[in-house]
Amino acid sequence: MTIDAWLTAAIADAERRGLPELKPLLETLARATTALRAADFNDHANADSPGRSGSPSGLGAGGSLR
Amino acid sequence: MLTIEEFGSRLRAREVTSAQVTHECLQRIEADNSRLNAFIRVTADDARRQAEEADRELAAGRDRGPLHGVPISIKDLLDVRGLPTTAASHVRDGHVASRDATSIAHLRQAGAVFVGKTNLHEFAFGTTNEDSAFGVARNPHDPSRSPGGSSGGSAASVAAGMALATIGTDTGGSIRIPAAACGIVGLKPSLGEVSIDGCVPLSGTLDHIGPLTQTVADASLVYHALLGDGHVTPPVPLPLHGVRLAIPRGYFFDVLDDEVKARFEEAVGRLHGAGVRFDEIEIHHTADIAPVYLHIVLADAAAYHASALEMMPERYTANVRIRLEMGRYVLAEDYVRALAGRDVLRREVDAALAQHDALMLPTLPIPAPTIGAATVAVGSKSEPVRNVMLRLTQPFNVTGHPAISIPSGLTAAGLPCAVQLVGCRMQTDALLKVALACEPQIAAGPFPRSGNVGG
């Protein structure tokens with residue numbers, strides 16, 4: 001389900017249930033879901049098989065502060 | 001107000017009794033609870049009986065350990081047998097706990113005296129304590145300010161000298177945020193260490209139980225009692241020379257009040273002067289923290305509340321009800337993505353700690369906010385209060401690492417600031433050793449003892 005389709009359906013359902021005040025919260029959730037789906041840790045069926053090495057993404061441990 | 005360590009020494013030297021100190025706590029409750037609303041229920045008669053029994057036991061040679069006879073308050077999210085567990089909600093009207101939560105049973109076995117159940121943000125679903133069926137809890141440092149949340153009544157009770165320690169819960173920061181806002185110590189142990197049996201859940205996968213106390217040593221004593229190790233003494237602090245701390249810049253310093261930042265940098269300077277070595281590091285994927293947290297906590301909470309939301313929606317406070325309703329719209333595929341993100345973030349923090357004893361960062365980006373404020377100015381920006389209060393604590397609920405908040409001084413207006421130390425997973429004792437060593441440098445300077453704030 002695309003986020004646009006989900007948001008439209010969710011707002012309609014909330015209004016049907018008498019909860020129109022949910023709309024701005026659902027819009028906030030939609031923005032968070034957009035960010036979540038855009039994260040680079042997501043696996044996709046049409047891409048390479050998932051890696052499971054457990055290694056972090058190149059931690060940048062910098063130099064000494066003091 | 002005595003620390004638990006001081007109380008224990010004086011109790012065993014026969015200089016004080018549990019009954020005397022419990023009576024003093026009850027007097028403070030009677031004097032200040034109408035102003036602070038820290039307690040939902042005060043169990044004065046039971047507390048006096050428990051304290052007298054503790055004194056009798058000690059006189060007869062039975063010493064239950066460091067918590068013997070210590071007056072403690074309990075967040076009203078945890079079951080204490082024979083008492084209602086309200087979760088600060090009318091949804092729970094009529095409930096009476098038939099048994100103690102596992103953690104509370106351990107405290108009882110350790111000889112703790114229970115003075116009452118403390119106020120909280122309804123169902124622990126908020127950071128300010130403003131949404132409670134029993135009214136707003138207030139900050140002893142400034143009653144026009146929030147004590148933080150969700151364990152706000154708990155933190156206020158210790159800061160105001162109504163108890164020597166308190167038990168809170170922490171799903172996104174609900175121990176550390178109010179500890180920071182009220183100027184006391186708050187420990188979130190490693191995920192899964194302290195049983196959450198008998199605790200009303202917010203998120204069964206993010207919830208933690210832990211202590212709020214006046215000192216790190218006291219936090220260690222209560223933490224071990226919660227585990228069932230009632231006779232353990234505080235660990236020996238690490239020598240500061242050789243301690244290596246990592247400061248995660250970027251996300252963790254992007255939204256930060258100037259005075260909170262100043263108190264943090266002063267603490268860094270003092271620790272450095274005492275021999276601590278610092279490295280600046282970067283933790284990746286920090287942009288994913290809030291989306292990951294939100295999808296997990298909303299879906300977990302919605303699953304628990306779905307039935308009550310259908311049957312008795314009017315019994316919730318309006319704000320909590322509507323946020324719980326939001327969770328009912330999280331899709332399963334996005335929950336799974338959030339769980340995957342949680343694994344990634346956990347590995348990032350593990351790696352950040354691989355060559356350090358702890359991470360060091362502020363606990364709460366702002367001083368305690370004014371009650372009723374929806375937004376707060378941070379630098380030149382206006383930020384939503386809830387988002388900014390969760391910003392620096394929720395990462396370690398997602399990852400499960402133990403974290404402790406230690407007071408680091410006051411703003412010019414007299415509001416507490418705090419520093420957070422984060423340790424390796426399942427190594428809470430190692431974190432406590434670092435915290436014990438760092439505490440005198442972090443908390444240096446004049447700072448009001450509990451019971452001497454407000455008034």
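Setting aside neighbours within four places in sequence, B:Ile406 is in contact with B:Val185, B:Val216, B:Ala418, B:Val419, B:Leu421, B:Ala435, B:Glu439, B:Ile442 and B:Ala443. Contact here means that C-beta atoms, placed from the backbone, lie within 7 Å. This is a predicted model: local features need pLDDT of at least 70, side-chain atom pairs count only at pLDDT 80 or more, and totals for chains, interfaces and linings use all residues. Residues are numbered from 1 along each chain as its sequence is written, while chains are lettered from A and ligands numbered from 1 in the order in which they are written.

**Nonpolar core**

- The largest nonpolar core holds 150 residues. Such a core is a set of buried Ala, Val, Leu, Ile, Met, Phe, Trp, Tyr and Cys residues joined through C-beta atoms within 7 Å.
- B:Ile406 is among the residues with the most contacts inside this core, along with B:Ile72, B:Val115, B:Ile404, B:Leu421 and B:Ala435.
- Helix α10 (residues 289-311) of chain B gives the largest share of this core, 10 residues.
- At least three core residues come from each of domain 1 (4-227) and domain 2 (244-290 + 331-426) of chain B.

**Domains of chain B**

- Chain B is divided into domain 1 and domain 2; the bounds come from an automatic or database domain assignment.
- Their C-alpha centres lie 25 Å apart.
- Across the boundary, 35 residues of domain 1 of chain B are in contact with 29 residues of domain 2 of chain B.
- On the domain 1 side, α6 (176-182), β5 (185-188) and α7 (216-227) of chain B each give two or more residues. The largest share, six residues, is from α6(B).
- That side divides into 15 nonpolar, 14 polar and six charged residues. Ala, Val, Leu, Ile, Met, Phe, Trp, Tyr, Cys and Pro count as nonpolar, Asp, Glu, Lys and Arg as charged, and the others, Gly among them, as polar.

- Chain A has two helices and one strand, in the order α-α-β from the N terminus. Helices (H or I, at least four residues) and strands (E, at least two) are DSSP runs, numbered from the N terminus.
- Of its 66 residues, 12% count as buried, that is, with 20 or more other C-beta atoms within 10 Å of their own.
- The contact takes 32 residues from chain B and 27 residues from chain A.
- On the chain B side, β8 (277-282), α10, α11 (318-327) and α12 (332-353) each give two or more residues. The largest share, 10 residues, comes from α12(B).
- The chain B side comprises 17 nonpolar, five polar and 10 charged residues.

Methods: Two residues are in contact if their C-beta atoms, placed from the backbone, lie within 7 Å.
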